[in-house]
Amino acid sequence: MRKLLLTLALACAGIMETWAQAVPQVTNVTNRQSMSLNGDWHYIVDVQEEGYYDYRMKPTRWGFFNNAKPQRPEDLIEYDFDAAPTMKVPGDWNTQDERLFFYEGTVWFQRYFNIEHWPLNIEHSAKQGKAATNHGQWSMINGQSRRAILYFGAVNYDCHVFVNGKEAGHHVGGFTPFNFDVTDLLHEGKNFVIVKVDNKRSAAAVPTQIFDWWNYGGITRDVLLVSVAPTYIENYSLSLKRNEERGKKREISFSLQLNRKEAGREVTLNIPELKLEQKFMTDANGQVSSKFIVQSSKLSLWSPTNPKLYKVEITMDDETINDEIGFRTIETRGKQILLNDAPIFLKGICLHEEKPNGGGRANSAEDARTLLTWAKELGCNFVRLAHYPHNEYMVREAERMGILVWSEIPCYWTIDWKNESTYQNAQQQLTDMIRRDHNRANVIIWSIANETPHSVERDAFLGRLARYARSQDSTRLISMAMEVTGASNYVNRLQDNMHELVDVVSFNQYVGWYRDVNDAPKMRWEIPYDKPVIISEFGGGAKYGYHGEKNQRWTEEFQENLYRENLAMLEKIDGLAGTTPWILKDFRSPRRVLSGIQDYYNMKGLVSDRGERKKAWYVLKEWYEGF
């Protein structure tokens with residue numbers, strides 16, 4: 001067996017005290033050399049956090065993170081991961097263990113992995129959303145020893161990660177990726193990783209204590225061990241310049257960031273179909289920032305009717321990162337949204353990240369394709385991924401299928417606006433959302449909030465987020481789902497101080513459901529801003545197969561009539577540029593307790609949790625066919 005070669009910062013690993021470190025999110029991990037740690041993980045439910053208590057006071061053999069085993073017959077170890085049950089990762093614990101359906105608290109996860117073999121080459125299949133890996137020995141590649149990055153697509157909500165009994169790092173936030181450099185925690189042969197996951201709600205968290213979706217706990221997205229060189233490409237961006245005059249040439253911006261500040265590293269960008277190959281040298285900050293011109297006639301722009309993606313290769317030394325990237329522009333002009341300089345109406349629908357048939361957290365390319373296929377069949381060219389960043393599979397599959405995306409962070413309802421740590425949490429989630437998806441052509445809107453009550457503190461909090469989002473990515477639109485509080489004489493007038501900081505004015509309204517039942521035909525809307533308008537939510541509930549009169553709550557006929565009246569009302573709004581009704585499918589929510597009707601489901605879906613289409617589906621489909 002060949003010796004495991006790890007890059008060490010010191011000559012002797014035994015004298016190191018800092019064993020691991022959090023590192024900025026590594027962009028495009030799915031197309032890097034990696035080993036999947038998905039599969040069966042042992043788990044232990046720890047209601048009183050006994051397994052962590054000793055770690056906080058003094059690390060001892062009692063802590064679950066040690067994965068301790070009795071060394072003598074008389075040794076007392078009151079846990080055993082090897083004897084514990086298993087569940088699938090990625091996955092949520094709520095739907096895999098009926099005892100944990102409502103559980104909010106700590107669960108420990110553990111699995112072994114072997115690093116005698118390492119994936120040196122990985123070929124990504126866009127069609128299947130899977131990776132085919134050729135395994136070779138863990139070794140030096142072209143004279144360079146490797147670093148190991150432990151990557152989590154998402155863990156809900158607060159987690160501590162341990163590798164071989166040492167803490168690798170801590171992360172807060174349930175819907176965004178994070179990673180740690182764990183090279184110096186590993187050894188040749190059998191290793192183990194343990195993750196303490198806590199999904200308890202908190203007033204200072206993002207989202208806060210109250211929200212209208214299921215609080216799925218667990219390691220809910222992919223886990224990868226990623227192999228990188230000591231100096232690697234951490235992040236990169238390709239985008240088409242907008243707001244330029246029509247002409248024979250288009251300008252593309254290219255930027256790149258290494259994980260270290262190293263000057264003089266040669267990087268090659270190759271887009272074979274455009275016959276474009278350029279070399280760049282990193283500056284003193286380990287960065288590349290450049291622009292280049294392509295002929296307009298050679299560039300096929302991405303759009304819902306032409307979801308064109310170009311194969312892109314970025315090479316440093318002898319290592320190449322592959323991606324598929326589309327080029328398009330998105331901007332506003334007065335009350336219009338312009339995609340590739342042409343007005344577009346966003347025929348949308350809202351989505352939660354739930355499996356299409358039977359509930360539970362969606363976590364695969366197959367889940368994404370099913371949900372997005374339903375959206376396409378409805379006539380949609382746009383989805384609002386509510387109320388948090390969804391799985392990367394969802395964004396990439398939507399891009400391939402020609403579906404535009406609104407992506408959102410969970411600043412939902414009553415966030416702790418005065419708490420600076422809450423703000424920093426929200427900003428970090430915004431950072432991670434943008435960093436993961438900024439090369440996806442279909443993502444056109446970064447949303448910073450949903451239905452937040454007006455206050456001075458709220459305006460300051462969201463104002464900071466809006467300005468920060470624009471500083472991180474100026475190539476997309478900024479919006480948020482605003483809240484309309486009431487009407488006077490059947491006139492709704494939107495008033496929100498955030499209108500100055502968003503590109504698109506969006507708001508939620510539930511005429512005919514939460515207020516003003518049957519008054520939709522009388523309602524008028526006044527939007528006193530010269531900006532496009534998206535109705536980010538409207539709708540009402542119905543139980544599939546429950547029929548009655550159109551004025552009888554919960555029947556399909558009630559929902560059908562509500563949609564007819566709302567669509568007739570909304571299409572009269574000046575500047576209407578799109579709608580995303582609430583919601584594609586029924587989804588679990590602990591707030592929805594009406595026995596025999598809701599049974600812990602929000603029933604506002606146009607399809608049932610099993611994919612059965614309600615009558616309102618056909619009303620919206622017919623309306624979208626008119627555009």
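Two strands count as paired if DSSP finds at least two bridges between them. On that basis, this predicted model holds an open sheet of 5 strands, laid out in the order β1-β11-β8-β13-β2, with antiparallel pairing. At the edges sit β1 (21-23) and β2 (34-36), and each of these pairs on one side only. Going from one strand to the next, the twist averages 30 degrees.

Strand β8 (residues 147-152) is joined to β11 (residues 178-181) by 4 bridges, and the two run antiparallel. Within this pairing, Leu 150 has Phe 180 of β11 as its bridge partner. Strand β8 also pairs with β13, again in the antiparallel sense, over 6 bridges. Here Ala 148 is found opposite Ser 227 of β13.

Strand β13 (residues 223-228) deserves a look of its own. With 6 of its 6 residues buried, β13 is largely enclosed by the rest of the structure; buried here means under 20% relative accessible area. In a regular strand, side chains alternate between the two faces of the sheet. In β13, Val 223, Leu 225 and Ser 227 point one way, while Leu 224, Val 226 and Val 228 point the other way, and all of them are buried.

Key:
Residues numbered from 1 in each chain as written. Predicted model: local features only at pLDDT ≥ 70, side-chain atom pairs only at ≥ 80, totals over all residues. Heavy atoms only, no water. Axes fitted to C-alpha atoms, helices over the stretch in contact; angles between N-to-C directions. Buried < 20%, exposed > 50% of the residue type's maximum accessible area, 1.4 Å probe, protein only.
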